[in-house]
Amino acid sequence: MTISRRQFLELFRNSAAALGVGAVNLSVLEKALAQPGGPTVIWLQGSACTGCSVSLLNRISSTSPSTTADVLINIINLRYHPNLMAAAGKSAAAIAEEIAGGSGHILAVEGGVPTAFGGAACWAWTRADGTDVTFQQAVTMLAANAAQILCIGTCAAWGGIPAALPNPTGVRSVREVTGRPTLNIAGCPTHPDWIVWAIGQLVSGAPISVDSYGRPAALFGKTVHELCPRREREEASTYGQDYLCLEELGCKGPSTKGNCPITLWNGRANWCCDSNTLCIGCTDPAFPFTNLRSKTYAIDD
Amino acid sequence: MPSTIKIDPVTRLEGHLKIEVTVDGVAGAQKVVDAKATGTLFRGFEAILKNRNPLDAPDITQRICGVCPVSHGLAASMTLENAAGVTAPDNARIMRNLVLGSNFVQSHILHFYHLAVQDFVSGPDMPPWQPNWAADKRFDAATSGVLVSHYVQALEMRRKAHEMGALFGGRLPHPPAFVPGGFTTTPRPERITKFRAYLAELIAFINNVYLPDVGALANAYADYYSIGRGHGNLLAYGVFDLDGAGQSKLLRRGRILGGTGSALAVDPKAITESVTYSWYSDTTNNLSPSSGVTQPVYPKGGAYSWLKAPRYGGASRRKGKRVTVTPGAPYETGPLARMWVNGEYTRGISVMDRHASRAQETLKVAQAMDVWATQLGSGPVYQQYVTPTSASGFGLTEAPRGALGHWVDISNGKIGNYQVLTPTCWNASPRDSAGVPGPIEQALVGTPVANLDEPVEVLRVVHSFDPCLSCAVHVMRPAEGSKIFALGHYHGEDEVHEHTHSH
């Protein structure tokens, strides 16, 4: 049996009281009664690792929407997401085909687009008539009438690790495959606050200025090093040294755009450089470069 | 008359999986009589790793899977340390265990509440929870509501498990603190305190919510104790080293044949791979992965998956010029295999036993972490790692969803060859050269299907394995004439053997 929104809230309120769950979650659900809908979002996964979707689930903020549940219940109408949707098989495929036949949806793409084997390196779904739809075909058809295309993570934006030399499956970016501009929410994985920020801007109709790589300037305007609290510190000589600058070990913070030192990661628990390790440049269009952990290594010497 | 059902995409798992089942009347009931599992994405990580700096392997291989990156980061670090003959300091071993354990807790909670439970309970009346198949939802409204509210609470709990792991890992997913030679984070006292506070909350959730909910599911769907058994073969590499050499582990290495008997030794040399039903040249059939050379053939008659079929314990027999190879047995891997090999869960092998053993393992790992956190000391976390010019190594560990192995050849200081064999390669494999189905395929046979339009019973069986196709299908690459899928070239075989018998 299906639970109505109102039942959902009341049941949640009762069990939350029993479990001692805080007020934040209840406010999330109360808003759901007031705002029954949002823009349709279809989230596709291609040559990807699911890491950006997992990262989105880690959203926690003192500002609304506070959590992923808040986003799903109050902000967007997430009709298709391979990891989260209840529907499967032809029921899921029918949703995607219906959205593709309409317009005005937000297309979120996680992962690059493999073009080898005529796209058969990645399939999206099987139609009711039994024909298989490649991920390349799915992205192409859903991009055509999308109001906006979000590239969730470095793979969708520029190919990322699956497109690294020798690019075994001919991975292309969503922009290359569709010929349409994309808003590139970079990162491997991308930060949940960056995804939610972009969705918030789109939903509210606020303009988004982007850099020459299609990344929001508000998020990727400065280098990690410029924002890093360790930049004036002594140089670390090895891993495992607290509060020292990692530039001499090969940190890519000086050339990598991102506000990680300010947002931090995982509810502000930590971030790469504060675990005494390198920024490996995961928001860069050239990621993963020819090396990640050395200042001198060349892949083809 | 038999009907064929295709489920594509199989949602609520990681990666891309297609399931095709044939349903027919068996003794008056509609049941699955045949099943095929197809992995539908490949990326080619081994080709990407070749010629790179070996130090990149932990970062690159973590991106195989955003749900089990910690296991790949650990396996790669162990593999490079094995190649160089070095052992990580105790503090590093413990912090690795804490980050890995955090991700086990995160992944198991995510699996039950966010991937599996909607096969039994219908969620709120809005996307992405609707539409949902209405078939065979047995809970009353009050119980359904409680489970759905726990879905929301579990989102918070799995997030906190990641925050807990990030205290040492740097961030999650894709923690940057895993490096050969040890770990980069220091175990500062405030981090240990925060870690244990998160853990206390998670242990309370596991005890008070997760385990009782699995119990409630088992009561309402007790028939699922006899659905989805499969071959009954269980394989675990073991995980959570309790000493520097990995001689002692929280969860032991071993295998169970036919669902009975005590745990048998695991010898990596006994693994071979069939390609009869995979899109690879038949001339490469049933090779040991250490010598496997595979060429893609696409399309190929009869083939239906990019996955090969790993098997354990095959045999070859020569008669004149003709060599007949019998592939070994298919093995299921995952929490049930680990808990069974450890002697802690032996009730049975089924859909519900997979859920129950996974929940029990979650508590076991969480409780162990609370002890490990107190064992962190002021000693070193890292010793300088020097990449050997020429060496080979391997590392065997576990992802939340089963046994994971990495193998490397280093030549001229670069990665000459890198190979990965993931848990879902075992679980979601196609048929082998003898026509024996893979573990998920076999587990589906006999599953009742009441409504051909809403085959939720099939989803329940598949989801019970917690498949992770992101992991499983990375291993093929289509470069002509090159090796596509191989465990590859591990040397120091005596050491492998000795390691196998370390328990």
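Predicted model: local features only at pLDDT ≥ 70, side-chain atom pairs only at ≥ 80, totals over all residues.
Local features need pLDDT of at least 70 and side-chain atom pairs count only at pLDDT 80 or more, while totals for chains, interfaces and linings use all residues. Residues are numbered from 1 along each chain as its sequence is written, with chains lettered from A and ligands numbered from 1 in the order in which they are written.

**View 1. Helix 4 and helix 8 of chain B pack together.** Here helix 4 (residues 90–116) and helix 8 (residues 351–374) of chain B pack at an angle of about 150 degrees, their axes 9 Å apart (axes are lines fitted to C-alpha atoms over the stretch in contact, and angles run from 0 to 180 degrees between N-to-C directions). That makes helix 4 of chain B roughly antiparallel to helix 8 of chain B (an angle over 145 degrees). Among the residues that meet are Phe104(B) and His108(B) from helix 4, and Thr362(B) and Met369(B) from helix 8 (contact means C-beta atoms, placed from the backbone, within 7 Å). The contact residues divide into eleven nonpolar, six polar and one charged (Ala, Val, Leu, Ile, Met, Phe, Trp, Tyr, Cys and Pro are nonpolar; Asp, Glu, Lys and Arg charged; the others, Gly among them, polar).

**View 2. Chain B touches chain A.** Look for 84 residues of chain B in contact with 82 residues of chain A. Helix 5 of chain B gives the most to its side, with 16 residues. That side divides into 39 nonpolar, 28 polar and 17 charged residues.

**View 3. Chain A holds helices and strands.** You will find twelve helices and nine strands in chain A (DSSP runs, H or I of at least four residues for helices and E of at least two for strands, numbered from the N terminus).

Terms used: Parallel < 35°, antiparallel > 145°, perpendicular 65-115°, else oblique. Contact = placed C-beta atoms within 7 Å.
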